[in-house]
Amino acid sequence: MSDEPKNIRAERQGQRAQQAQLKPQGSEAPQAPRASSTAGATPAGPRPEPIRFFGTTWLNHDGNYPARRAGVTVGSLAAVIVSGLVLRLAYEGLQLAAVGGFVSIVVLIMFAICSALAFGHTWGSYTKRPDPARQSSLRGLLTIGFLGSLAAYFLRSLKEAPGEALHRAEYTTAREQYDRRTAKRTGNPAKRHRP
């Protein structure tokens, strides 16, 4: 199975199904109407990258975007609360096991530091793409500090879809570059002066 998120895979399968429906059944079907029908359905240029739980609704804030944001905010807050309760139960388990004060303090400090680092890393990833090598080396730390990652996700969802600003900046840049490239290609190529 590939590493693609489920929503991207589903979107690609949907596009393949649409393309299969648009293909002519016989050899007598003309090619021009097919091109015009797909040209209206598929916009030219770069496409926005989908965000988990939001798809591409972040671009124009359509398609239940406000409801999705409210759901993500409430869900991430619930996850933060449940995670805090789980960590509290784990700490109480250490107290019941009578492992000693030193071990309890070390575990508490470890979770606090890992959560703080995971919060900072997750928060930063919403404004700048993380380095994949660094991301894979921090995987263990981010797993231990899951509470910090969930808290960053919750706080970011209060403002926007987490990662929306980064995706919007990248999409705007790609769109501007595409528009510049296509503007250079317009006009009659026969009238162009050759060097």
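My entries start with the whole chain and then go residue by residue.

**Ground rules**

I am working from a predicted model, where local features need pLDDT of at least 70 and side-chain atom pairs count only at pLDDT 80 or more, while totals for chains, interfaces and linings use all residues. Residues are numbered from 1 along each chain as its sequence is written, and side-chain values use heavy atoms, with hydrogens and water left out.

**Whole chain**

I looked up the secondary structure and found eight helices and zero strands in the protein chain. Helices here are DSSP runs of H or I with at least four residues, strands are E runs of at least two, and both are numbered from the N terminus. Read from the N terminus, the order is α-α-α-α-α-α-α-α.

Next I checked burial. Of the 195 residues in the protein chain, 22% are buried (buried means under 20% relative accessible area, exposed over 50%, partly exposed in between, with a 1.4 Å probe and protein chains only). The protein chain exposes about 13700 Å², and carbon and sulfur atoms supply 61% of that. Accessible areas come from the Shrake-Rupley method with a 1.4 Å probe, and for residues only the protein chains shown count as cover.

I also looked at contacts, meaning heavy atoms within 4.5 Å. Among contacts in the protein chain with a separation of 6 or more, 68% are between residues 24 or more positions apart.

**Core**

Which residues make up the largest nonpolar core? I got ten: I51, F54, W58, L59, Y65, V72, Y126, Y153, A161 and Y171. A nonpolar core is a set of buried Ala, Val, Leu, Ile, Met, Phe, Trp, Tyr and Cys residues joined through side-chain atoms within 4.5 Å. In soluble globular proteins, nonpolar side chains tend to be buried together.

Not counting residues up to four places away in sequence, Y153 touches R52, F53, V72, S76, Y126 and P162.

**E164**

I moved on to E164, which is found in helix α8 (residues 164-184). Is E164 buried or exposed? E164 is buried, because its relative accessible area is 4%.

Leaving aside neighbours within four places in sequence, E164 is in contact with I51, W58, H61 and Y65. I noted that I51, W58 and Y65 are also listed in the largest nonpolar core.

I am using salt bridge for a side-chain nitrogen of Lys or Arg within 4 Å of a carboxyl oxygen of Asp or Glu. E164 and R168 both lie in helix α8, four residues apart, about one turn of the helix. R168 is partly exposed, since its relative accessible area is 27%.

How many salt bridges does the structure hold? I found five.

One of them joins the side chains of R129 and E49 at 2.7 Å, N to O. This pair links distant parts of the chain: R129 is in the loop between α4 and α5 (132-137) and E49 is in the loop between α2 and α3, 80 residues apart. R129 counts as partly exposed at 40% relative accessibility, and E49 counts as partly exposed at 36%.

I listed what E49 is in contact with beyond four places in sequence: G55, T56, W58, R129, H167 and E170. The C-alpha atoms of E49 and E170 are separated by 9.1 Å, although these residues are 121 apart along the chain.

I then checked E92 and R88, a salt bridge with its closest N and O atoms 3.2 Å apart. E92 and R88 are separated by about one helical turn because they are four residues apart in helix α3. R88 is exposed, at 54% relative accessible area, whereas E92 is partly exposed, at 33%.

**V103**

My last stop was V103, in helix α4 (residues 101-124). V103 counts as partly exposed, as its relative accessibility is 35%.
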